[in-house]
Amino acid sequence: MILDSPNDAAPPDATPSAASSPDATSTAASSPDVTSTAAPLPSGLDGRLKALYQRQRRLMNLHLDLLYACDLDCHHCYLDEKKRPQASTATIIDILEQAAEMGALQVLFSGGEIFLRKDLFIILEAARRLRFHIRLKTHGGNITGHDARRLRELGVAQVDFSVYALDPAVHDGFTQKRGSLERTLRGIDLLVAEGLRVEVKCSVTTQNLAHYRELNEHFGKRGIPCTLSSKIRGTNSITTNTYDLNADFEDKVEVELYRIAQAGGPRTPGPAPAPTESHFCSAGRTMIYVSPDLEVYPCVAYPRPVGDLSVQSLAEVWRGDATLADVRAATRADTHLPATSAPPMVGICGTCPARSHCSYCPGSAYIESAGDALIPPAVVCAAAFAKLEAVTRWEQGERPAPEHVAAVKTKRGLFPIAVNLGVLRPAGPSAHGAEHAGGCSCG
Ligand code: SF4
Ligand code: SF4
């Protein structure tokens with residue numbers, strides 16, 4: 001059970017780097033992710049709380065990026081405006097107090113690299129005083145033994161790290177900072193030694209296909225959850241410059257086969273709600289994201305402005321304008337192909353054969369279509385159809401290859417839904433359950 005699962009029916013997967021990429025970004029779940037993504041509450045409690053907060057339309061999860069600056073430069077980072085200004089200590093504490101007043105339960109602090117902020121522990125002390133469930137995302141390379149002790153004393157519930165390979169040449173090549181792997185592993189060790197819950201997020205890209213299994217098994221042996229995601233999303237300045245890092249479709253299928261094998265078999269999703277009842281995720285509904293310069297968005301991965309805390313209170317933003325109402329109301333019944341398509345296939349996500357394996361991400365859609373959150377994004381469709389394909393092959397007896405050897409690039413690396421429907425086998429609703437099992441990692 002996870003407190004911060006953004007998707008309504010299942011967890012997501014892509015959490016960009018722990019420090020700055022959401023998916024592989026933000027928290028929820030879907031495909032049989034190898035692990036859950038947040039510190040667990042007592043069984044069933046988080047789901048019940050989330051349902052209650054949804055019914056009452058209340059803010060449950062606040063995600064604050066404390067800064068965009070980072071001392072790494074990961075290839076897939078979605079924060080491509082790192083020089084944006086950052087709010088003062090007093091302003092951040094004021095936002096925390098407003099969120100607590102509204103009844104929010106969880107705060108996620110990320111960046112950028114949060115340990116570059118000199119006032120980090122002042123902010124964490126305030127969050128502790130306000131009794132938040134606290135989660136952090138960091139690359140961890142600047143954490144000291146003293147920091148680790150303070151995090152334990154402050155009751156931080158979970159710290160997420162991004163690791164891309166155990167081979168320094170691969171990890172450091174990806175972060176573009178020599179020595180970054182060694183420093184991150186040291187940070188993980190320090191927190192583990194203090195008994196803190198740590199989770200590793202690994203974005204599987206074209207650059208670490210030969211390495212993610214070793215990584216997953218290394219942390220698995222240490223009892224550290226490791227989440228793999230092969231969905232690399234676009235950037236927050238509405239570009240898809242990062243898409244080239246997405247592995248080929250056949251590679252995504254192989255990753256999914258591996259994940260299924262690790263989980264001991266495919267998971268069976270529950271019954272699907274009607275498309276008109278199937279909201280996408282928690283973005284803007286029980287969760288809100290505040291950027292370092294006080295702009296407010298439904299989610300870190302959904303760069304559609306819904307407020308500005310430099311001129312509004314958090315409660316005023318949460319009460320919402322037409323944009324936030326639109327974000328909250330959207331369901332799978334509203335999805336459609338681009339206007340240029342004939343027919344536009346309104347409601348396509350409600351009947352899609354990969355729905356059981358899909359974590360529809362309105363943020364990815366908004367970026368990929370430059371402003372329309374209802375057009376199924378190719379990056380999400382590719383992930384969902386790869387999961388469907390992997391489950392189908394698994395049930396036919398196929399198992400992951402002993403080693404992942406990168407596939408020869410095909411034309412189906414990322415592809416629009418219409419191509420998916422024409423190329424891949426549809427799965428009947430009885431084959432894999434009926435509800436989407438996607439998952440993001442937003443928080
Ligand atoms: S917009 Fe929704 S699905 Fe996408 S990353 Fe955020 S919470 Fe997850
Ligand atoms: S795979 Fe694509 S078309 Fe199918 S439900 Fe997901 S986003 Fe919609």
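Predicted model: local features only at pLDDT ≥ 70, side-chain atom pairs only at ≥ 80, totals over all residues.
Trainee: Let's start with strand E2, residues 106-110. Why is it largely enclosed by the rest of the structure?
Mentor: Because five of its five residues are buried.

Trainee: Which way do the residues of E2 point?
Mentor: Gln106, Leu108 and Ser110 point one way, while Val107 and Phe109 point the other. Both groups are buried.

Trainee: OK, how many bridges join E1 to E2?
Mentor: Five, and the two strands run parallel. E1 covers residues 61-65. Asp65 sits opposite Ser110 of E2.

Trainee: What does the chain pass through from E1 to E2?
Mentor: Helix H2, residues 89-101. That β-α-β crossover is right-handed.

Trainee: And how many bridges join E2 to E3?
Mentor: Four, with E2 and E3 running parallel. E3 is residues 133-137, and His133 in E3 is the bridge partner of Gln106. Going from E2 to E3, the chain crosses through helix H3 (residues 120-129), and this β-α-β crossover is right-handed.

Trainee: Switching topic: which residues come nearest to ligand 2?
Mentor: Cys349, Cys352, Cys358, Cys381 and Ala384, out of 13 residues around ligand 2. Helix H11 (348-351) and helix H13 (378-395) are the elements giving two or more residues to that shell.

Trainee: Which element gives the most to the shell around ligand 2?
Mentor: H13, with three residues.

Note on methods. Residues numbered from 1 in each chain as written. Chains lettered and ligands numbered in written order. Buried ≥ 20, exposed ≤ 12 C-beta atoms within 10 Å, placed from the backbone. Pairing = 2+ DSSP bridges. Right-handed = clockwise from strand over helix to strand, strands pointing away. Near = placed C-beta within 6 Å.
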